[in-house]
Each structure stands twice: as structure tokens, then as C-alpha cells.
Amino acid sequence: MGEGADFGTRMLANGSAVAAAALGAAALGLHRRRGWRLVLVAAATAITAALVRMCLQLLLVVYDGFDWDTSGADACVGVAVTLVGIVIGLVVMKAQRRARVEERTALLQRLHASDALDALQSEELRVRRAVAEGLHGTVQQQLVLMRIRLDSIIARMRRADADAQAEHGVQHPGTQQLIGELDALVGVVEVLRERGVRELSQLLYPAGTDLGLAQASRMMLRGLPPSIATRLDIADAVLEADDPSGPGLGIERRILLLRVLEEAVSNALRHGRASTLALRIAVERGELLLTLDDDGAGLPEGEPSLHGLALLRTRLIAIGARLELGRSPLGGARVLAALPL
Amino acid sequence: MIPGPARAPLRVAVVEDQPLYRAMLVQLLDADPRTEVVVEASGAAEARRRIMPGRVDVAILDIELGDGNGVGLGVSLRRADPDLGVLLLSSRDVMELLLDLPSDVRRGWSYLSKTTSTSPDSLFTALTATAEGRTVLDPELIGRSVPRAGSALARLSDRQLQVLTLVAEGLSNAGIAERLGLSSRSIENHLNAIYAALELPEGHNSRVSAVLRLIEETSRFA
């Protein structure tokens with residue numbers, strides 16, 4: 001070994017050999033080869049790299065004089081090391097490629113799942129809306145018409161009965177009973193129209209959803225018993241942020257917030273036994289904030305129970321929103337939903 | 001806006017997307033000497049094109065139009081013609097819409113439901129009152145409303161609530177006096193007491209504001 005060959009000179013020769021191997025592999029398209037072509041190209045690359053290294057060692061006088069045995073053995077070691085390097089490189093590259101493919105596949109699957117979920121939600125909303133409108137329109141109208149017809153039949157029966165009494169001085173024995181039964185039927189139809197249809201429709205699609213969050217919230221609170229005091233504070237910015245004549249919040253996000261309000265009101269009345277509810281809807285720092293305070297029993301000690309809000313919280317988080325529970329200045333619980341705009 | 005002493009017929013625009021309902025409404029209004037339909041439109045875009053400022057006294061707008069919302073249409077028509085009265089019609093109970101109207105157009109808006117027992121008489125009363133800048137609410141829906149606990153409305157006496165309900169039906173002071181068998185002076189006193197209880201400043205808009213409180217501070221709990 002040359003006495004003057006320092007560490008830097010040796011590294012220069014070895015580094016050049018590695019660079020030659022890398023350049024050779026790239027130029028010969030090693031990563032694209034398969035089978036015997038791969039073996040051939042790998043061998044050619046390894047031999048080239050070993051030769052480059054040997055030539056540089058001779059030029060830079062790494063060894064004192066030329067010795068076939070030493071140089072031949074060194075070249076063989078160089079070829080072997082390069083081949084091992086190539087094999088390791090190919091294995092790593094293949095693993096990375098597989099990881100990239102898997103990542104891309106997973107991303108595509110997530111995208112497809114998200115698209116499918118969106119389509120499903122849109123379809124669900126469409127069907128819910130159609131059924132709700134059908135209940136409001138067709139079914140309600142049919143019930144109104146049925147009531148009018150029943151009223152007309154009752155009126156005719158009463159007139160006929162009055163005529164019979166005037167002309168013959170007697171009442172038909174069953175007429176009054178029939179009129180009474182028809183009256184009762186009118187009552188049933190009216191209850192069905194007023195409560196059954198409306199409540200069913202509300203379950204499908206919160207009333208006023210298409211008119212914006214502010215309207216639908218007002219409509220939800222107006223249906224509470226008069227013994228419950230309510231306070232509403234809806235900022236003008238909310239009317240602008242959720243203008244139903246424009247894109248607004250979008251029907252899905254609006255319904256989600258209305259379901260949160262519905263559940264929060266229900267919890268306040270059922271579990272908290274509240275007598276006062278204060279709803280505030282505002283826009284602050286790019287977020288739409290819906291806050292419901294109550295004067296009920298408040299949250300139990302420890303981890304607050306979410307009741308039906310748990311599922312809604314998951315859905316809120318999925319769209320980048322949040323749900324918080326805490327103590328209300330009114331003495332009861334506070335539910336806050338914050339939705340980024 | 002306000003018809004003169006000769007009582008020229010009210011010029012009415014009917015904007016309704018259901019052809020049968022629109023035709024029936026137009027027929028009803030044209031058959032009455034108190035009203036004359038000057039514009040008939042099936043949608044918001046057509047209404048915006050055809051309702052010219054100063055040509056219509058009251059616009060009857062269906063809230064759910066095929067190409068838009070009757071409330072948004074009413075706001076833009078009113079801004080173009082500050083004297084225009086707007087009567088909203090809906091097959092749903094969405095009276096709360098009146099609460100979110102911009103303050104510059106809040107006067108002279110009324111609401112009647114298509115599904116309650118609205119009679120032709122109550123329609124004509126509502127049209128006249130709306131043209132005069134008053135606010136009329138659906139009598140049946142108001143009849144079902146109960147003042148909410150803790151609200152200023154809940155502090156009104158039965159008589160005061162009765163007077164306010166009749167104001168919401170579109171009756172003038174004289175009309176309320178006649179209905180209740182009281183003097184107009186008594187009705188004025190009741191109204192002033194109502195404004196004070198609701199903490200409303202006396203003025204032209206107090207009447208409208210007091211009527212809107214009937215929506216805001218009541219429950220329609222079935």
C-alpha cells in the first residue's frame with residue numbers, strides 16, 4: 001500500500017466508484033430491467049465501478065506499484081460489494097414503490113368512500129325532503145279535503161234531520177248518534193293532520209331547514225311549551241353566512257347544527273329539567289357558533305354524558321367542527337357547536 | 001300606496017308558481033271591486049321583470065317559488081319601491097320569516113297561511129292593511145299562539161292581548177273598537193299601555209313591532 005495514500009485519496013477513489021455505479025445503473029436503466037437482463041446490467045455496472053475504482057487507485061498511487069494479485073482481489077471485492085449494494089438498493093426501491101402504491105390505493109379508497117358517503121347523504125336528504133314535502137303537501141291536503149267532506153256530510157245530515165223533524169215531527173233515531181261519530185272522526189283526522197303528519201315530517205327533515213339556520217332554529221323553539229322561557233340572539237352575520245338564497249352553510253351542515261340544537265334542547269328539558277333556554281347563534285373569528293344555555297340541573301360531576309350528542313360530535317369532527325359541553329352562566333349546562341366557515 | 005278617498009281598487013300583483021292556485025286567486029281578486037290584479041307571475045325572475053315601482057300597491061308572494069324565495073323577492077321589490085306592501089303566502093307555518101326581515105323594509109309585510117281557514121274576507125282585510133303599511137298575521141296561527149313564560153308579552157292583561165291580537169288581524173283602531181264595543185279612545189289607551197309594557201317607543205313602527213312580538217314571544221306548542 002502506498003505510504004502517501006491518505007484517507008481522503010482512498011475515499012475519492014471509492015466515492016468515484018460508487019458514483020460510477022450509480023450513474024451506470026441509471027444510464028442502463030437498472031431499475032426497469034427484469035430477469036437475466038437485470039443480472040447482466042447489474043454485473044456490467046458492478047464491473048465498471050470496480051474498474052473505475054482500480055484505475056483511480058493506480059492513478060492516485062494508492063498502492064506502491066502494480067500487483068496483479070492484489071489489484072485482482074481488490075477488483076473482485078469491489079464487484080461483490082457493488083453487487084450487494086445494487087441488490088440492497090433494488091430491495092429498498094421495491095419496498096418504497098410498494099408503499100407508494102399502497103398509499104395511493106388507500107387514498108383512492110378514502111376518496112371513493114368519501115364520494116360514496118356524500119352521494120349517500122345527498123340521496124338520503126333528497127328522499128327525506130321529498131317524503132317530508134309529500135307529507136306536508138299531498139298527505140296534509142288530502143286530510144284537509146277529507147275533513148271538509150266530513151264537515152259537509154255532517155251539515156247535510158243535520159239539515160236532513162232538521163227537515164225530518166219539521167215535516168214529520170220526529171227525529172231519525174240513529175242520526176244524532178251518527179253525527180256524533182262523524183264529529184269524533186273529524187277530531188281524529190284533525191289530530192292526525194296537526195300532530196301525526198307534522199311530527200313525522202319533522203323527524204325526516206327539520207322544519208324550515210330550507211329557509212336557513214336562523215329560521216329553522218326559531219321554528220324549533222316556538223314549538224316548545226309556553227311554560228319554557230326562551231331567549232334568542234341571532235346575529236345579522238348569521239343571516240349573511242347562511243343566506244338560503246345563496247350557497248349558505250349547505251343543507252347537510254345546516255341539518256347537522258339543527259340536530260345538535262334539537263338534542264341539546266331535548267337534554268336540557270329531559271335531563272336538566274330546565275325552565276329557561278337561551279340560544280345564541282353568532283359568527284366569530286371565521287366560525288359559526290351555536291350556543292345553547294339552560295338553567296337546569298347542569299352537567300353531572302366527572303365526564304359529562306353526551307347522550308345523543310355523541311354521534312353528532314363524531315359527525316361534527318368529521319367536517320372540522322367541534323362540540324363542547326360546559327357550565328352555563330344561567331346555572332345549567334352549555335352546549336357549544338363551532339363550525340368553521 | 002294608500003288609496004284615496006274615492007277608494008280606487010288596490011293594485012295587486014300575484015306571484016304564485018302553482019297555476020291552479022294562482023288562477024283561483026286572480027279570479028277571486030278580480031271579481032271584487034276593491035282589488036284589481038295588475039301583474040300575474042309564476043316565478044321570482046318574472047316578478048322582478050314585471051313589477052314596476054309605483055304600479056302595484058300590494059304584492060302577494062308565495063314563499064316557495066320554483067326559482068327563488070318569496071321573502072328575498074319581497075325585499076328586493078320593496079327596496080325598489082318603498083311604498084309596496086308585501087303579503088306572504090305559504091302552505092307551511094313559517095311566520096317567523098317576518099322576524100328576520102332587514103329593518104329598512106320591515107313595515108307593511110303580512111303573512112297568511114294557505115292551509116289555515118283563511119277566508120276571502122280575511123284576505124281582503126290583510127291586503128288593505130298591508131297596503132297601508134300595517135302588518136297582518138294569520139289569524140288562526142295567532143289564535144293558537146300562547147305568550148311564553150318570562151316574556152314581556154306574558155305580562156300583558158287579557159284585554160291588552162286581545163287588542164294586540166286584533167291589531168295583528170289587520171283591524172284599524174276604529175275596527176277594534178267596534179269589535180270590542182269600546183271607544184276608539186280606549187283602544188288608543190290600551191295600545192299605549194301595550195307599547196309601554198313591551199318597551200316600544202311610540203311611533204309609526206310601534207304597531208308593527210308590537211305585532212311581531214306576537215311571533216317572537218309566543219309558543220305554538222300543539
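Q: How far apart are the C-alpha centres of domain 1 and domain 2 of chain B?
A: In this predicted model, those two centres are separated by 24 Å.

Q: Where are the domain bounds in chain B?
A: Domain 1 of chain B covers 10-138, and domain 2 of chain B covers 145-219.

Q: How much area is buried between them?
A: About 1200 Å², with 69% of that from carbon and sulfur atoms. On the domain 1 side, B:Leu99, B:Arg134 and B:Leu137 supply 43% of the buried area, more than any other three residues.

Q: And how many salt bridges or polar contacts there?
A: The salt bridge count between the two domains of chain B is 0. There are 3 residue pairs in polar contact, both residues at pLDDT 80 or more.

Q: Switching to the chain B and chain A interface: what area is buried?
A: About 2000 Å², of which carbon and sulfur atoms give 49%. In chain B, the residues losing the most area to chain A are B:Arg92, B:Asp100 and B:Arg148, together 31% of what that side buries.

Q: How many residues does each chain put in?
A: Chain B contributes 21 residues and chain A contributes 24.

Q: How many salt bridges across the two chains?
A: The rule finds 4. One of them pairs the side chains of B:Asp100 and A:Arg218, at 2.8 Å from N to O.

Q: Which strands of chain B are involved in touching chain A?
A: Strand 8 (146-147) and strand 9 (218-219) of chain B each supply at least two residues to that side. By class, the side has 10 nonpolar, 4 polar and 7 charged residues.

Notes. Residues are numbered from 1 along each chain as its sequence is written. Chains are lettered from A and ligands numbered from 1 in the order in which they are written. This is a predicted model: local features need pLDDT of at least 70, side-chain atom pairs count only at pLDDT 80 or more; totals for chains, interfaces and linings use all residues. Side-chain values use heavy atoms; hydrogens and water are left out. Contact means heavy atoms within 4.5 Å. Buried area is the accessible area (1.4 Å probe) that two parts lose on being put together, summed over both. Helices (H or I, at least four residues) and strands (E, at least two) are DSSP runs, numbered from the N terminus. Ala, Val, Leu, Ile, Met, Phe, Trp, Tyr, Cys and Pro count as nonpolar, Asp, Glu, Lys and Arg as charged, and the others, Gly among them, as polar. Domain bounds come from an automatic or database domain assignment. A polar contact is a pair of N or O atoms within 3.5 Å; within protein, one must be able to donate a hydrogen and the other to accept it, and residues adjacent in sequence count only if both atoms are side-chain atoms.
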